[in-house]
Amino acid sequence: MNKTYLQELTSELENARQSGTYNNIRIVQSQQGSYLKVAEKEYLNLSSNNYLGFASHPRLKQAAQQAIESQGVGTASVRALIGTNDLHITLEKKLAEFKKADDAIVVTSGYLANMAAIQTLLDKDDVVISDELNHASIIDAVKLAGITNKFIYRHSDMDDLRTQLEEAQKITSEKHPTGRNKRVLIVTDGVFSMDGDMAKLPEIVELAEEFGAITMVDDAHGEGMLGSQGRGIVDHFNLHGRVDIEVGTLSKAFGVLGGFITGSQTLIDWYHQKARQFLFSNALSIPDTAALIEAVNILEESDEDVKKLWENAEFLKKALQEAGFNTGNTQTPIIPVMIGDELRAAEYAKKLYEKGIIVSAIKFPMVAKGAARLRLQPSAIHTQEDLEKGIEAIIQVGKEMQIV
Ligand SMILES: *Cc1c(COP(=O)(O)O)cnc(C)c1O
């Protein structure tokens, strides 16, 4: 690259360092668990998406190993050619059953699942109505689809959603250039990952039904967390069959990697035929797929892990609130500790790290400038002792920094 371009990049990176937004990536030397080994030291891990401990679960490991022995590792092709293994079909069937939907399609990440869900259904002449705090992958998916009729509603503000739906009607009163009807999609995160609050899904569904809009929920954090046995936010609100598109990730509570969409038979057939992320990108690997089948089996068998996750979260949340921390609007096991200033949040996380505790500082651009926070994510595998150790350190540093 020419020198001028490189200098520009260097100076932007330097700015990020100065303002506390530079991301120093940690290198983990152990499996994901309640403790992590980093730079040859053990750290209590309070910030991972491994909500149920599945990332290193013995049954998932064993399923992956057995599958490798019998079927190898790679699939050597996209799903649409010869990359579809019977394990993929089993996983899709199991996910559909688990989510109480007609069918499912699996791709290699939640990010790609959002791309597929939106791009395959809408184009530039259609309309999307999106919560202002939706995940980056939804924003990117809307961009990829080339949708210019974008309406953003204030976070979980149902009056504003209605206003946006009314605005959208001006566009959809005309036919799409191809002669079909113009489509309106309301899209929301299920659990908002930076605040831990839930979408007002029942109200969103009512509005969608009133206006004839399509509904899509990205339930990345809700899976394995909400609803009976971790079936997700649609199950939590008992809205089966009333949310058109459910997107999930297999990379968080499910402990492995991948993304999926569940919905009606017609919709999922459509995606299997048309989604570019399915047609032009390789299938999920054999061990990943086998481990994921086992993850669904475990959830189907018992809600023990999900219950434990909530117990741990309640314990942690209560202790922090009693100590005077502001935990924002959380309704789930994602617990923010509001700080505000980026540098202070980074310093807080650094001090905890020095005490042997890993907690993420969440800063701009992941949240608005001046809304920096720590984000705690307990897991079902934490013991009470682990949590107490974390709480003690958080309070100690909080007092030192005069946050409480
Ligand atoms: C994590 C996340 C994703 C991305 O999932 P991956 O499987 O990591 O690609 C998408 N949407 C939301 C809301 C998420 O939290």
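Trainee: Is Ala39 buried or exposed?
Mentor: The model is predicted, and local features need pLDDT of at least 70, side-chain atom pairs count only at pLDDT 80 or more, while totals for chains, interfaces and linings use all residues. Residues are numbered from 1 along each chain as its sequence is written, and side-chain values use heavy atoms, with hydrogens and water left out. Buried means under 20% relative accessible area, exposed over 50%, and partly exposed in between (1.4 Å probe, protein chains only). Ala39 has a relative accessible area of 58%, so it is exposed.

Trainee: What is the phi of Ala39?
Mentor: Ala39 sits in the loop between strand 1 (35–38) and strand 2 (41–45); helices (H or I, at least four residues) and strands (E, at least two) are DSSP runs, numbered from the N terminus. Ala39 is not a glycine, yet its phi is positive, at about 50°.

Trainee: Where is Gln402, and what is its phi?
Mentor: Gln402 belongs to the segment after helix 15 (384–400). With a relative accessible area of 69%, Gln402 is exposed. Although Gln402 is not a glycine, it has a positive phi of about 55°.

Trainee: Which residue does a cis peptide bond join to Phe364?
Mentor: The residue lies in the loop between strand 12 (360–362) and strand 13 (372–376). Omega is about 5° for the cis bond, which joins Phe364 to Pro365.

Trainee: Which residues are in contact with Val142, leaving aside neighbours within four places in sequence?
Mentor: Val142 is part of helix 6 (residues 136–144) and counts as buried at 4% relative accessibility. Its C-alpha atom is separated by 9.7 Å from that of Val127, 15 residues apart along the chain. Taking contact as heavy atoms within 4.5 Å, Val142 touches Ile118, Val128, Ile147 and Lys150.

Trainee: What share of the contacts in the protein with a separation of 6 or more comes from residues 24 or more positions apart?
Mentor: The protein has 15 helices and 13 strands. Of its 404 residues, 53% count as buried. For contacts with a separation of 6 or more, residues 24 or more positions apart account for 72%.

Trainee: What is the radius of gyration of the protein?
Mentor: The C-alpha atoms fill a box of roughly 65 × 55 × 55 Å along the principal axes. The radius is taken over C-alpha atoms, and the globule rule is 2.2 Å times the number of residues to the power 0.38. For 404 residues a compact globule would come near 22 Å, which agrees with the protein's value of 22 Å.

Trainee: What is the volume of the largest cavity?
Mentor: On a 1 Å grid over the protein atoms alone, a cavity is a set of points where a 1.4 Å probe fits but cannot get out, a pocket is an open set with protein on both sides within 12 Å along at least five of seven lines, and lining residues have an atom within 4 Å of a point. Points are joined across faces, edges and corners, and a volume is the space filled by probe spheres set on them. The search finds 1 cavity of 30 Å³ or more. The largest cavity has a volume of about 50 Å³.

Trainee: Which elements give two or more residues to the lining of the largest cavity?
Mentor: The lining includes Arg79, His88, Val106, Val107, Gln277 and Phe278. The elements that give two or more residues are strand 3 (103–107) and helix 11 (276–279).
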